[in-house]
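Biologist: I would like to go through the terms used for this protein and ask what stands behind each of them. Please show it first.

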Amino acid sequence: VRAGELLNSALLFFLIGMMASCAIVNENQGIQDPSLKEQWLLHIAEIQKLKQWQFSSRISVQHLTKRWSAALFWQQNETNFEIKIIGPLGQGALLLKGDENNLSVNDGKNIKYFKNYTSSDIESLYGINIPIKQLRHWVIGNPMADFNLITLNDDDLLKKVEKDRWQLDITKYRDINGLSLPKKMKITHPDWFIKLAILNWKISE
């Protein structure tokens, strides 16, 4: 099997889940812990207003003894997304488009279509369980209300969350038009280690 094909498969497993989460936005999210600070709640209120955004990034994925890396470009418009993933030295490229119900994956040779895609679909096909419902929120620093653990940093921004044996650790933020958005993060699981370095953000009012 060629390296490019292995890269495509590995990234597809992870990113189908990532895209599915784009559709899941909890409009009634609330943090019940009274110890959380007002500045944090105000920040989350602003994050939830984001409807259109895009970024370019570098992603690296380690699963057991295998590792992959790629450039990842993500554009979000309401619930619609378009993502392009390009492997090192052009070894493998994917274009993903979809919304909350539908997904298409173009690897340059074939286009695959998924309808009402879920984590169960991915696990049954590929034997991989990934945190579909969390990832779309995590990339903008939004935890979701039902997390088992929420940790804030010294600036009252999301630092760490845990759920279903997955853990997010946002290590660096940057200011984008007055809004703090993640720049670097790690996502870990007993069998997975994922690093995302966001190079450029662009958000629309």
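Modeller: Start with the contacts, which are heavy atoms within 4.5 Å. Among those with a separation of 6 or more, residues 24 or more positions apart account for 49%. This is a predicted model, where local features need pLDDT of at least 70 and side-chain atom pairs count only at pLDDT 80 or more, while totals for chains, interfaces and linings use all residues. Residues are numbered from 1 along each chain as its sequence is written, and side-chain values use heavy atoms, with hydrogens and water left out.

Biologist: How many helices and strands are there?

Modeller: The protein has four helices and 11 strands.

Biologist: What makes S1 and S2 a pair?

Modeller: Two strands pair if DSSP finds at least two bridges between them. S1 and S2 are joined by 12 bridges, so they count as a pair, and they run antiparallel. Within it, serine 60 stands opposite serine 69 in S2.

Biologist: How many bridges does S3 form with S2, and how many with S4?

Modeller: S2 (residues 66-77) and S3 have seven bridges, and S3 and S4 (residues 93-98) have six; both pairings are antiparallel. Lysine 84 in S3 is the bridge partner of phenylalanine 73, and phenylalanine 81 stands opposite glycine 98 in S4.

Biologist: Which side chains of S3 are buried?

Modeller: Phe81, Ile83 and Ile85 are buried and point to one face of S3 (residues 80-86). Buried means under 20% relative accessible area, exposed over 50%, and partly exposed in between, with a 1.4 Å probe and protein chains only.

Biologist: Why does phenylalanine 55 count as buried?

Modeller: Its relative accessibility is 4%, so phenylalanine 55 falls under the 20% limit. Tryptophan 201 has 9% and therefore counts as buried too.

Biologist: How many aromatic pairs does the structure hold?

Modeller: There are five. One of them joins phenylalanine 55 and tryptophan 201. In the chain these two are 146 residues apart, in S1 (residues 52-63) and S11 (residues 192-204) respectively.

Biologist: Why is the pair of phenylalanine 55 and tryptophan 201 called edge-to-face?

Modeller: Rings of Phe, Tyr and Trp (its six-membered ring) pair if their centres lie within 6.5 Å; planes under 30 degrees apart count as stacked, over 60 as edge-to-face, the rest as tilted. Here the centres are 5.0 Å apart and the planes 65°, so the pair is edge-to-face. Ring pairs also link Trp53, Phe55, Trp74 and Trp201 into a cluster.

Biologist: How do you know which residues of helix H2 share a side?

Modeller: In H2 (residues 38-47), Trp40, His43, Ile44 and Ile47 are buried. They cover an arc of only 100° around the axis, so they lie on the same side of H2. The arc is that of the directions from the helix axis to the C-beta atoms. Glu38 and Leu42 are exposed, on the face turned away from the buried side. Cover for the buried residues of H2 includes S7 (149-152), S8 (158-163) and S10 (179-189).
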